Amino acid sequence: GWQLGELWRADPHANVMRLEGSWHAPSVEVEKFEAASRGMTSPPGAGLIGNVWVSNQPAWIIDVAGDPGFLRASIAAEAGLNAAFAFPIRSRSGVSGVVAFFSRGQRQPDHELLEVMTDIGRRIGAYVDRRQAEEQLERQREVLYQSEKLAAMGRLAAGVVHEMNNPLGIMLSRIEVMLMDAESQTLPPELLDDLRTLHRNTQ
């Protein structure tokens, strides 16, 4: 029986609520109201959304068009929207979002409905927390996997270095012996240059 629903999400960097998405019954024309909502932000404590965000409690307005604290009162009146209620989505870090519903015609507060929807808000918040924890765990697993890959590559590189070091050490000592012998003998200059090049590159 409620014609319009909205999901507002907290932007912790800008310290405002932003409209994340909305739904409306096909029978109502609320495009202008939705467009205005998408183009605005709700700071803490301002209007229905901001009040629910700060108080962490559900709220009910009998007629938003006549409520001076409702930020979109004139556009709501044009759309024929009157009654509204909103409830918080509570996560571990606080209120991460607010869900609001609007209806044509004034409605008196329904405390049973508010209790049910507030419970749903808690369940949504718990689900969001669980999803975030799973994503964080997945990121940690990826970091661990990359660390293990790097460690394995390090071990492989160390093994390669060790395997190359032994024959190169033998080659270096032989070249040094050949260079000492070459200095006491008369060798062609190009052969001596070759030995020195071998010595330098083996080092």
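These legends accompany close-up views of a predicted model.

**View 1. Confidence along the predicted chain.** The mean pLDDT of the chain is 87. A value of 70 or more is reached by 100% of its residues. Confidence is highest in strand S4, residues 59–61, with a mean of 93. Helix H5, residues 189–202, has the lowest confidence, with a mean of 84.

**View 2. Ala 59 in strand S4.** Ala 59 lies in strand S4, the element where confidence is highest. The relative accessibility of Ala 59 is 23%, so this residue counts as partly exposed. The cut-off for buried is under 20%.

**View 3. The surroundings of Ala 59.** Set aside the neighbours within four places in sequence. Ala 59 is then in contact with Leu 48, Val 52, Ala 84, Phe 85, Ala 86 and Leu 114. Take Ala 84 from that list. Ala 59 and Ala 84 are 25 residues apart along the chain. Their C-alpha atoms are separated by 8.4 Å.

**View 4. Glu 6 in strand S1.** Glu 6 has its place in strand S1, residues 4–11. Is this residue buried or exposed? Glu 6 is buried, because its relative accessible area is 2% and buried means under 20%.

**View 5. A polar contact between side chains.** The side chain of Glu 6 meets the side chain of Trp 8 in a polar contact. The distance is 2.8 Å.

Key: Residues are numbered from 1 along each chain as its sequence is written. This is a predicted model: local features need pLDDT of at least 70, side-chain atom pairs count only at pLDDT 80 or more; totals for chains, interfaces and linings use all residues. Side-chain values use heavy atoms; hydrogens and water are left out. pLDDT is the predictor's confidence in each residue, from 0 to 100. Helices (H or I, at least four residues) and strands (E, at least two) are DSSP runs, numbered from the N terminus. Buried means under 20% relative accessible area, exposed over 50%, partly exposed in between (1.4 Å probe, protein chains only). Contact means heavy atoms within 4.5 Å. A polar contact is a pair of N or O atoms within 3.5 Å; within protein, one must be able to donate a hydrogen and the other to accept it, and residues adjacent in sequence count only if both atoms are side-chain atoms.
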